[in-house]
Amino acid sequence: MKRQYASFAFALSLLAVAFATPASAQDTSIVVASTTSTQDSGLFGYILPLFKAKTGIEVKVIAQGTGQALDTARRGDADVVFVHAKSQEEKFVAEGHGVKRFDVMYNDFVLIGPKSDPAGVGGSKDIVTALKAIQGKAVPFVSRGDKSGTHSAELALWKQAGVDLDTAKGPWYREIGQGMGAALNTAGAMNAYVVSDRGTWLSFKNPGDLVIAVEGDRRLFNQYGVILVNPEKHAAVKKDLGQSFIDWLTSAEGQGAIAAYQVNGKQLFFPNAEKKAS
């Protein structure tokens, strides 16, 4: 009888410990809605194990275009968003969906095209002139068409070039509604041009006859930001764990990890975090 009582008491004590353990201690994972470029470039594969080793927090990534990632966060299906369309990010915060926005890193966009260069724009540093030439000659161009940060940047560049896509679109302009890797593969198959973030391009394993046609234009600057989803709108948001990720990304250690990531000896992202939020 005493042995049975002792076993029963021991079981009760285990239950008491389990119920007394905070949920945050039981679940040390967060969901980050991020762009396809941070995933496809291999950056997350490099920095997330370092973050987990430092904090014990596991990061589960939902890789989407920026617009979709922000929509995921608006539904409360993520704890943090890590994207690259600053105007959309600032609107997200202004509408109360996010707490604060922090700069994390930058790289740039590049215009990729076939080595044969049918538009005659290779070697240029003027993206606007290049796009005008592509449209004027009706040379094939692939657009992600997925409301991603890269797609938004592409549309802004067409606007700066004075090209009204609503009237100028034709068979030469192909919208695929997919990510960067698929867009690059389609461009290769079609002998077409495409705007890509440099990180995904440098890590792209199937370039074929594609090369960088235009780079170095200041209008191709590509800034990334990180935001904690507002826990006042979504009670399930893991505020402390999510903030730990943001704090690490913007710390000297996190910034150093971003700077250290390279593909074939080339740095893909350049840290530029400031503690000042927007």
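A: The account below begins with the pocket and then turns to the elements around it.

This is a predicted model, in which local features need pLDDT of at least 70, side-chain atom pairs count only at pLDDT 80 or more, and totals for chains, interfaces and linings use all residues. Residues are numbered from 1 along each chain as its sequence is written, and side-chain values use heavy atoms, with hydrogens and water left out.

The largest pocket has a volume of about 270 Å³. A pocket is here an open set of points on a 1 Å grid over the protein atoms alone, with protein on both sides within 12 Å along at least five of seven lines, and lining residues have an atom within 4 Å of a point. Grid points are joined across faces, edges and corners, and a volume is the space filled by probe spheres set on the points.

The lining of this pocket comprises 16 residues, and those nearest its centre are His-84, Ala-85, Lys-86, Ala-153 and Phe-221. By class, 6 lining residues are nonpolar, 8 polar and 2 charged (Ala, Val, Leu, Ile, Met, Phe, Trp, Tyr, Cys and Pro count as nonpolar, Asp, Glu, Lys and Arg as charged, and the others, Gly among them, as polar). At least three lining residues come from each of domain 1 (29-107 + 222-271) and domain 2 (108-220), with bounds taken from an automatic or database domain assignment.

Three elements each supply at least two residues of the lining: helix H6 (86-94), helix H8 (149-160) and strand E9 (221-229). H8 provides the largest share, 6 residues. Helices (H or I, at least four residues) and strands (E, at least two) are DSSP runs, numbered from the N terminus.

Within H6, the buried residues are Glu-89, Phe-92 and Val-93. These lie on the same side of H6, because they cover an arc of only 95 degrees around the axis, the arc being that of the directions from the helix axis to the C-beta atoms. Buried means under 20% relative accessible area, exposed over 50%, and partly exposed in between, with a 1.4 Å probe and protein chains only. On the face of H6 turned away from its buried side are the exposed residues Ser-87 and Ala-94. The buried residues of H6 pack against helix H5 (66-74), strand E3 (80-83), strand E4 (98-114) and E9, where contact means heavy atoms within 4.5 Å. Just after H6, Gly-96 has a positive phi of about 90 degrees.

H5 has the buried residues Thr-66, Gly-67, Ala-69, Leu-70, Thr-72 and Ala-73. Their cover includes strand E1 (29-35), strand E2 (58-64) and E3, together with H6, H8 and E9. Gly-76 follows H5 and takes a positive phi, near 80 degrees.

H8 also contributes to the largest cavity, giving the most to its lining with 3 residues. A cavity is a set of points where a 1.4 Å probe fits but cannot get out. The space in the largest cavity is about 30 Å³, and its lining consists of Val-142, Ser-143, Arg-144, Thr-150, His-151, Glu-154, Val-194 and Val-195. Strand E5 (141-143) and strand E7 (193-197), like H8, each supply at least two of its lining residues.
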